[in-house]
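Subject: Structure handover

Hello,

Here is the structure for you to look through. Please open it first, then read my notes beside it.

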Amino acid sequence: MSRGADSERSIAHSGPRARPVVTVPALVVAVLCVAGPAGILLDLSGAPRALLLISALVVAPALACSWLADIPDPVLTVAAGLAASFSTIVLISTGLLYLDLWSPLLLTSGSALVSLVMLLAAGFRKGTS
Amino acid sequence: MTDVLTEADTRTRPDPAAGFPHAVALGAVGLAAVGLTGYGAAQVTLPVTSDVGLVADLPPAFWLGFLALNLTMLAALRRDQAPPALMAVLQAGLCFVVYGTPAVISDSPRTEVAWRHLGVTQTLAESGWVDPMIDAYFNWPGFFAGLGGLIETTGIDPLAVALWAPVGNGLLWALGVACVVRALTRDDRHLWLALWFFTLTNWIDQDYLSAQAFAFFLYLVVLALAMTVVAARPALPLRGQVRVRGALAGLRAWWTHRLPTEQSGRLRVTGFVLVLVLCATIIVSHQLTPFMLLAAVGVLTVTGRTWAPRLGLVIGLIIVLWLSTAASTYLAGHPLLFVDSGGAVESNVAARLGGSPGHVLVVQVRTVMALACWSLAGVGFLRLWRQGVRDPRPVLLFAVPLAMVPVHTYGGEMMLRAALFAAPFTAYYAAAALLPLCRRTQTGRSILLGSLLAALTIGLVVARFGNTRFDMFTEAEIDGVARLYQLAPDDAVLIAGANPTPWRYRDYTAHRHTTLTDLCQTELPDSCDDILTETASESTGGAMVLLSRSNLASMRMQGDVTTQAFEAFEGRLASARHTRLVFRNEDVRIYHVLPLAPGGRR
């Protein structure tokens with residue numbers, strides 16, 4: 001529960017860090033980004049569809065955002081990741097409605113695109129730091 | 001974060017592994033207590049039979065479980081260092097009990113608004129575009145668009161989403177409050193006590209499936225980011241600067257020389273972008289929260305507590321942009337802000353104080369709960385002040401929502417909304433007041449804290465579930481409304497007795513929906529018959545009038561009508577030549593009022 005390491009972590013942000021560019025969460029995000037739209041195209045139904053698409057729409061952007069933001073506080077990391085996921089869904093859905101392009105496939109693809117952009121940005125930054 | 005007082009810093013930290021069996025035992029007891037409350041709640045049968053709500057119907061098993069859960073938390077708090085996993089499990093258990101009890105009792109979502117929001121969501125998802133002429137929801141459609149997208153994409157049952165939304169929102173709120181409190185204190189005991197207090201005093205009942213609940217979570221995350229990664233602190237003392245440079249120049253120097261709390265510039269920028277995205281989501285989703293957000297960010301900026309001085313300006317610009325484009329249809333016919341303060345007080349306070357003795361008691365308990373929480377928060381503020389913790393942020397963020405009350409009536413709910421937005425900081429300060437009561441060596445004080453938690457538990461159940469006689473619907477009422485939609489001719493006006501009706505979840509725009517309380521005001525006098533006839537004649541399909549158990553309970557409990565007046569009205573309606581009873585079950589009657597033909601004949 002102690003957050004005594006937070007200050008040390010903050011200092012560490014200013015210097016170069018050796019980290020693998022590809023991590024397990026990054027791979028999970030990448031897989032979900034492909035599997036989500038694929039699930040729609042394959043017309044999955046029932047529990048598998050719900051499980052896969054909730055993961056693609058909620059978990060993938062949350063993980064990508066957490067990886068990109070790299071917030072020192074783990075609780076805030078989770079909250080910000082979830083908030084970013086919900087925001088992605090809301091903003092893309094709203095945009096699709098106003099553009100008269102409403103479709104689950106476009107929503108899932110848009111969310112996957114946002115996740116991939118965050119993933120690439122995080123990977124690029126971590127690789128160059 | 002130099003303002004943070006760290007009582008935890010002075011505590012010795014024993015080996016966590018030494019208390020592992022104890023923690024596991026406490027966790028097991030906590031889960032068993034949650035199970036016991038669930039078992040107790042499952043014994044309740046609908047409809048709720050008392051004007052004070054569920055408190056009269058819940059069996060001893062529920063109360064025993066709730067008491068045991070409180071005592072388990074107290075025992076965990078008395079440990080020198082409780083494992084976060086244990087505390088999180090107990091907190092999640094409390095959220096399940098507080099927000100999930102109605103879902104254990106009934107398979108149907110509670111409150112009419114949750115049903116209505118499903119209808120808004122379905123309308124957007126089915127039409128695939130936004131018609132801002134429909135109503136206010138379609139001027140701030142973000143949340144409903146997102147919900148519709150999620151439901152349509154994943155295929156999950158919308159009714160299940162609405163049923164369990166309070167538990168999901170409660171957990172998200174707890175997460176958001178945890179982030180906010182962690183920005184203010186490093187004392188874990190303070191954190192967990194604040195979370196417990198927040199949940200145990202949250203009678204405000206805004207956690208149903210709604211844009212408000214969703215926007216409140218985002219609001220908490222924005223505040224947490226603004227108080228951590230985007231935060232700043234003044235580098236120079238204000239008094240010294242004013243003394244040396246004069247008032248204006250001193251103030252300017254004090255405000256300009258801020259130091260970012262977060263050392264990493266990249267993290268600050270990332271946090272800033274994230275804040276903007278979340279703000280945009282709030283602005284497209286909800287009418288009120290953007291203004292609360294703007295005010296909160298505004299005070300943080302003015303007091304030099306944010307690294308991004310133009311954050312408030314950017315949020316304001318996005319709000320103006322949205323209001324002048326997507327929400328302009330609604331604003332053309334409605335005031336955005338600013339009503340007279342007398343009207344605000346009338347609609348927020350006076351209008352809620354009437355009704356049956358049971359309902360008045362519930363309102364009084366709510367008032368006492370709010371005043372007691374704020375008093376306790378005042379004690380906590382003084383305690384922290386005496387200890388040298390003089391961070392202005394929590395007190396400002398507590399005061400800002402309450403200062404917004406005279407600005408808008410928000411349908412008579414502004415006081416409730418303001419109390420909700422102030423609640424995380426109320427909990428922060430109240431927990432500071434209660435901290436001395438959970439020391440391991442002070443058994444007497446712990447008994448006092450246990451008694452307080454027990455009293456809050458009873459107060460919460462009365463205040464939160466005080467309307468369940470009319471906002472929890474029976475299966476007969478759900479079936480009756482389904483029949484209403486099957487029987488209603490195209491274009492018919494649908495009229496319910498009062499708002500608490502589980503309708504509008506379908507055919508949101510196909511029919512005009514209204515209520516007798518809207519058409520006739522109170523007491524349903526004889527003139528109401530003529531109004532009904534005129535309303536039926538406005539459409540070729542006439543009017544379908546649905547009268548239900550919850551309608552009568554709502555109108556009677558809130559003092560809108562007596563049972564005799566309601567029955568007299570229904571007697572006149574049933575015997576009218578132009579009306580026929582088309583459906584009846586134990587809780588619902590549906591009448592079809594035929595429209596007048598040209599010349600006044602039917």
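Below are the ground rules, then notes on chain A, a pocket, the cavities and some strands.

**Ground rules**

This is a predicted model: local features need pLDDT of at least 70, side-chain atom pairs count only at pLDDT 80 or more, and totals for chains, interfaces and linings use all residues. Residues are numbered from 1 along each chain as its sequence is written, chains are lettered from A and ligands numbered from 1 in the order in which they are written, and side-chain values use heavy atoms, with hydrogens and water left out.

**Chain A**

Chain A has five helices and zero strands. Both kinds of element are DSSP runs, numbered from the N terminus: helices are H or I with at least four residues, strands are E with at least two. The order from the N terminus is α-α-α-α-α. Chain A has 129 residues, and 50% of them count as buried. Buried means under 20% relative accessible area, exposed means over 50%, and partly exposed lies in between (1.4 Å probe, protein chains only).

Take helix H4 of chain A, residues 74–98. The expected span is 1.5 Å times one less than the number of residues.

H4(A) is mostly covered, with 19 of its 25 residues buried. After H4(A) comes A:Asp100, with a positive phi near 60°.

**The second largest pocket**

Its volume is about 700 Å³. Pockets and cavities are found on a 1 Å grid over the protein atoms alone: in a cavity a 1.4 Å probe fits but cannot get out, a pocket is an open set with protein on both sides within 12 Å along at least five of seven lines, and lining residues have an atom within 4 Å of a point. Grid points are joined across faces, edges and corners, and a volume is the space filled by probe spheres set on the points.

This pocket is lined by 25 residues. Nearest its centre lie A:Phe86, B:Leu147, B:Leu150, B:Val161 and B:Leu172. Which helix gives the most to the lining? H6(B) does, with seven residues. H3 and H4 of chain A and H5, H6 and H8 of chain B each supply at least two. The lining divides into 20 nonpolar residues, four polar and one charged. Here Ala, Val, Leu, Ile, Met, Phe, Trp, Tyr, Cys and Pro count as nonpolar, Asp, Glu, Lys and Arg as charged, and the others, Gly among them, as polar.

**The cavities**

There are ten cavities of 30 Å³ or more. B:Ala419 sits in helix H18 of chain B. Its relative accessibility is 13%, so it counts as buried.

The second largest cavity holds about 120 Å³ of space. Among its 14 lining residues, B:Tyr99, B:Pro102, B:Arg110, B:Leu163 and B:Pro166 are closest to the centre. The lining has eight nonpolar residues, two polar and four charged.

**Strands in chain B**

S5(B) covers residues 543–548, and six of its six residues are buried. In a regular strand the side chains alternate between the two faces of the sheet. On one side of S5(B) are B:Ala543, B:Val545 and B:Leu547, and on the other B:Met544, B:Leu546 and B:Ser548, all buried.

Two strands pair if DSSP finds at least two bridges between them. S3(B) and S5(B) pair in the parallel sense over four bridges. B:Ile495 stands opposite B:Val545. S5(B) and S7(B) run antiparallel, joined by six bridges. There B:Met544 has B:His592 as its bridge partner. S6(B) and S7(B) also pair, antiparallel, over five bridges. A hairpin of three residues joins S6(B) to S7(B).

Best wishes
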